[in-house]
Each structure stands twice: as C-alpha cells, then as structure tokens.
Amino acid sequence: MTEPTSTTPRTRRGLVIGARIVTGAIASGVALVVVAAVGLIPLPTFSAEPRAATIQPAAADQVRVCPGAAVRLGDETGGQADSAFAIGAPTVISAAVEGQLGAAPLPNSDAGSGGTSAAPQVLRVPPSEGALLAGAQSQDVDAPDFHGLTSAVCAEPSGSIWLVGGALAVGRTTLLMVANPTDVDSQVSLEIWGEHGAVTAPGMAGIQVAAGTQVTLSLAGFAPGLVSPVVHVTARGGRVVADLQQSIVRGLDAVGVETIGGSADPSMAVVVPGVRILDAVGTARASALADWQDVIAAVRIATPGGVDATVTVRVVPETAGVLGASFNISVPAGTVVELPLDSEAEAETVDGSGGDTSGNGSEELRFGDGRYTVFIDSDQPVVAGVRATTAEDSASNSDTVDSSSTVVPPSDFAWFSSTPALGDTTLITVPNAPEPVISIVNPGSDDVQAELTSRAGGSVPIQLLVPAGGTVSVVVPPGSSYLLTGGTGLGVAVTSAAPGQLAAFVVSSPRPVSGPIVIHAG
C-alpha cells in the first residue's frame, strides 16, 4: 500500500506560483494572437460630419439719411434752453440707379420736427443688382444767432462714426445730432478728445436713441470750453447717422453755420480734398478784428491711440505754379493739435487787386483764392480735418484794419473732412448751393483714368485723368447728380462757395453687402 504523500507549505507556494506563471504565459500568448488578428482584420470606421447651416441674409434696402434742418437749443427768446428746436428746413437732392427711390421724413425728433420737411430725410432703394443711392442737402440759415450756408451728405447708417470739427469756446456752439433710421433701438456711446486729452464725463455711454428718432446733444454738456473737439460715435443695436453742427457768434453777430459729417477712420495716410480758399484778402484783414483770430485756415489732427504720432502735413494747390506748404508736427497720444494751415510757409503779400503791398501794413496773405488738397502722413493712425473761413473784404479801400472796428464783414466757414477711399462706382449728388465743385483726389502712386457721367442724360461723359498724388476738380450745376466709374481708391469732396458763403462734405461708396453666414452646431 502506498503511503499518502504529504506537501509542505513551501512546496504548496511553489506550485501556486508556477501555476500563475503558466497561466500568465498562456494569457499573454492569447493576447498576442488577438492583437495580431485585430491588426490584420479591417475594422469598420465611423465619422460624423459637423452639423452646419448656411444662411443667406435677406437682401436689405439701401438707406441714406440726411441730417435735417439746422437746430438750436432754446427758442428765439432764450427760453427752454434744454430743448432743441429746428430752424427752417433744408433742400434735399437725391438720386438712384437701378432702383425705385423712396423718401420719407424720420418719424420722431427731439427738435419737434419729426414727420416734417425739417426732419432728417430717410432715402431708400430696394435691393437689386447694381442699385446705387445718394443724397445731399443744403440750407441757407438766417435766424437770430444763426447765419450761414450749410450742406451735408445723406450718409449710410453705421456703427462707428468719426467727427472732426466744432468748438466750444465763447461764442462757439457745437451740437451732436444722432439719427436712428432702423427698426431697432440703439445704444450710443461717445469718445471725445481735445487739446488736453481724452474727455471723461458722465452720460457718455448708454445714450438711448430709439428706432425712427433723432436726438440732439450739446457737446458743452460733456466738455465745456473745449477748443478743438474730435468725437467718435459708436452704436449698438440699430445703426445710426451722426453729424456735428457748429455755429459762431462774434460779439453780437452770427457769422457762420456748418454741418460736419463723418470723416475717414483713423489712418496713417489721411487726405482732405477740395479745401476752398475764398476772399483770402478779406479774411486776412478780418483776422485783425476782435474775436476773429480763428478765421485763419487751420488743420486739426487727433491721435486717438496710445502712442505719440509724428505727422507730416502737405498743402498741395490744384493750380499749377501756386505755392503750397509742408511742415512736420508731433501729436501726443490721446490729444488733438490744431494749427494754421500755413505753418512754416513763406508769406506772399498782396492787396485786393493782386499787387504787392509789402510794408504798407496790410495783412499777410499766405494762400490765395483757390482749391487745395491736404495730405497728412503719420507713423501712427490719426484723424484730421481742415477749417477754412471766407469774409468779404469790407476794408478794401483802406490799407489797415482797425481792431476796434464795429464793421462785421459777411462771413461763413466750413469744415473739410478727410475722405474714405471709393469703390469702382459711386453715385454723387450735388446740393442746391452756389458754385458747387466736385473735387476728385488720387492719393495713390499711379495715375487713374475715371469717368464722370451726368444723370441728367444727353451729356457726354467727362473723361478724367487723375494724376498720382493730384486732384482734378469739375464745376457742376447746383442740384445735379453724377455717376463716377473707375474710381477705385480715389476720394471725392463736394464744395460750395460764394461771397460770405462756404460749405463742404465728402462722399462715400456704399459698404459691401453681407455675404452668406455659416452657422455650426455646438
């Protein structure tokens, strides 16, 4: 009989470990076989296309908004100083290409003009291929504390508008007019810069401009006494059209009104075309009168960014053989600099008949009558505008001007804005104002061949060769309209001038229509 075998604990542990090693080896072998099989057998693939939808926005009407009548704060008696009142009504000229033009007054205005001919006029054309729309207004204002010619372009609503002009010194009043032609309420915010830097004041953000409404604000409520304001208007919600209105009273005499439309956005190359000098001798004489020092033509430049700008200003006459000017200035970050347009220019002294008057005590005349283009080149983005004044020569029979004289010459002023670059085809309307001129500037390095065609019909298109860095001006009838083709990169100003009258605005091409929108699901 065989005896049962006994196993010691150490032996049992050895058997268990051995069994585990064998089991592990078998499992590893199986795993290797499975992996190899998976590597050799093609597995099904799965992919998911990202969910997206392409939406083509519904075509919208082209819209332009004219600023409406001149406005005053307070009535003619001086009462209700916190309320706006319209003065008269402007004349509106409008035109359309490839579309049925519609026009209607803005329904509401805090100046009490809503729904009337004094209200901002809203111009529309339905969407169609090649449709273009343009408009301009003019007004010869004559009321207590307001006298002068004003004109303005009917502008496309925007969410960002730069305004260069105005003043808030004694006798100078500047109002901001904001119109919302859309069906959506707008929240407007203001940024204001001046000679001492950025302005901080309550109420500059969250200004409510209801749909179909124009709101009038006094800049003096934010920056009293500011000499050289520059304003940036931004809007959320409905897009808006914004303009400044400046009026001047010297002593007891109203001597100018101007509507100032939007300028080009900040840039390192700014162009101000069509600056008109009229009655230069009379204006120079008038500068010796009390409170007439700001009649001298001046350029205003602002650096809204955080870096100082080194700027070169070039004043280029359209007429060959006429002297211009060029000078360099520094514009500190966040400030505005204004200085005479003839800074560092050599003076040419003439009398009213064009003869030399050196040493006879008459005012120096640095720029004679004519049209000029101002080029502003900077190493930082800047915005700029030019102010010019006309004053009839009321002292033409004397050699000197008595600064205590009470004789006030008929006078007016205008702000010439910087121009944006145009697209290939632009519709231009000319206000019903005296002696209008279309000035077309080419800031590029190559000559441009363009064509200007009257919309009246029956006329031969005007062929224009606009030289590189040069300007071509065309005298046109009041109230006319023209189609400019081949104008890519050019800039256009429309100006009007007569003794004691001056007005100007710049022209913009329509902004691109929105393309398809692709929406991706989250």
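In the predicted model, Ser-151 is in contact with Gln-137, Ser-138, Thr-259, Pro-431, Ala-503, Ala-504 and Phe-505, when its neighbours within four places in sequence are left aside. Ser-151 belongs to strand 10, which spans residues 146-153. The relative accessible area of Ser-151 is 1%, and this residue is therefore classed as buried, the cut-off being under 20%.

One of the residues in contact with Ser-151 is Thr-259, and strand 19 covers residues 253-260. An open sheet of five strands is arranged in the order 7-16-12-18-19, and its pairing is mixed. The edges of this sheet are formed by strand 7 (108-109) and strand 19; each has a single partner strand, so one side of each is left without a neighbour in the sheet. Within the sheet, strand 12 (residues 172-180) and strand 18 (residues 241-250) run antiparallel and are joined by eight bridges. Leu-175 has Gln-245 of strand 18 as its bridge partner.

The nonpolar packing was also examined. The largest nonpolar core comprises 35 residues, of which Leu-176, Val-188 and Val-233 touch the most other members. With residues up to four places away in sequence not counted, Val-188 touches Val-178, Met-204, Ala-205, Gly-206, Ile-207, Val-209, Val-233, Thr-234, Ala-235 and Val-240. Another core, of 32 residues, lies apart from the largest one and includes Ile-277, Val-299, Ala-325 and Val-374.

Technical notes
Residues are numbered from 1 along each chain as its sequence is written. This is a predicted model: local features need pLDDT of at least 70, side-chain atom pairs count only at pLDDT 80 or more; totals for chains, interfaces and linings use all residues. Side-chain values use heavy atoms; hydrogens and water are left out. A nonpolar core is a set of buried Ala, Val, Leu, Ile, Met, Phe, Trp, Tyr and Cys residues joined through side-chain atoms within 4.5 Å. Buried means under 20% relative accessible area, exposed over 50%, partly exposed in between (1.4 Å probe, protein chains only). Contact means heavy atoms within 4.5 Å. Helices (H or I, at least four residues) and strands (E, at least two) are DSSP runs, numbered from the N terminus. Two strands pair if DSSP finds at least two bridges between them.
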